[in-house]
Amino acid sequence: MTVSKKLIRAATDLRDAIASLTFSPPVTHVYNPLDYAWKAHQRYLTQYANSTKKVVMLGMNPGPWGMSQTGVPFGEIPAVRDWMKIEAPVAKPDPEHPKRPIEGFACEKSEVSGRRLWGLFADRFKSPEAFFKDHLVLNYCPLVFMEESGKNRTPDKLPAAEQEPLNKACDTHLKTVLEILSPEWCIGVGKYAESKLIPLVPSNAKVGTILHPSPASPAANRGWAEAATKQLTTLGVWP
């Protein structure tokens, strides 16, 4: 079985493992793009996860205008559609939050984190083939949590009793993925993702972190690409 097929099977297992989980208020809506945006996610893995990787980069969970719309981690639409050349039909989550509509590749809002992340990679590597030769970007948790107001609620803010089964499924998936990809470096995009990597990385892999590109981070707003590049070169991930 090819690397991409193994990863697709692992993603399917994760999707099925979390399908029955329930979450209490203030969470009112939960989106799973591995379900309604599966075709695009599958295409991402088929096109760009078809070999072992030197570097695996891990985010926390999907953003409302990124992976939520495209099924691709940090999936800012122009980056996915125009740079990666991935486009696929995207269905609707049920129920859909009226303030967080899923419009798929027709969505006109920008995922700032994804714009920054994929923008850096496009500037440095030029083609997606050059970037994905040694790198792959994934998310720890595939679910998006929203409150009645439409506010995003990150997985680390869930009650412990709800985090436990979710983390168990996500840990199992991450461990499997790292075994399949056999990376030299595991990089958390932000401290939360790094904390999830540390107990699960293979013994021959190294762990590091880069600043999260979120616009909610003052440090990221002061020049994220330069900061992340410096962190990756200091670690020795990039020359």
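Is glycine 150 buried or exposed, going by its relative accessibility? At 0%, glycine 150 counts as buried, where buried means under 20% relative accessible area, exposed over 50% and partly exposed in between, with a 1.4 Å probe and protein chains only.

Before I go on, the basis. This is a predicted model, in which local features need pLDDT of at least 70 and side-chain atom pairs count only at pLDDT 80 or more, while totals for chains, interfaces and linings use all residues. Residues are numbered from 1 along each chain as its sequence is written, and side-chain values use heavy atoms, with hydrogens and water left out.

Back to glycine 150. It sits in the loop between β4 (144-147) and α8; helices (H or I, at least four residues) and strands (E, at least two) are DSSP runs, numbered from the N terminus. Setting aside neighbours within four places in sequence, glycine 150 is in contact with His97 and Arg100, contact meaning heavy atoms within 4.5 Å.

Valine 56 shows both sides: it stands opposite cysteine 186 in β5, and its bridge partner in β3 is leucine 136.

How many of the five residues of β3 are buried? Five of the five are, so β3 is largely enclosed by the rest of the structure. His135, Val137 and Asn139 point one way from the strand, and Leu136 and Leu138 point the other way.

Now a helix pair. Helix α1 (residues 3-18) packs against helix α8 (residues 160-181) at about 175°, with the axes 10 Å apart. Axes here are lines fitted to C-alpha atoms, for helices over the stretch in contact, and angles run from 0 to 180 degrees between N-to-C directions. The two helices are therefore roughly antiparallel to each other; that label covers angles over 145 degrees, with under 35 roughly parallel, 65 to 115 roughly perpendicular and the rest oblique. Among the residues making the contact are Leu7, Ala10 and Leu14 of α1, and Cys170, His173 and Val177 of α8.

On to the cores. A nonpolar core is a set of buried Ala, Val, Leu, Ile, Met, Phe, Trp, Tyr and Cys residues joined through side-chain atoms within 4.5 Å. The largest one has 73 residues, and those with the most contacts inside it are Tyr44, Met84, Trp118 and Phe121. Helix α8 supplies the largest share of this core, eight residues. A second, separate core has six residues, including Tyr31 and Ile102.

Last, serine 217. This residue lies in the loop between β6 and α10 (224-235) and is buried, with a relative accessible area of 16%. Beyond its neighbours within four places in sequence, serine 217 is in contact with Leu211 and His212.

Note on methods: Two strands pair if DSSP finds at least two bridges between them.
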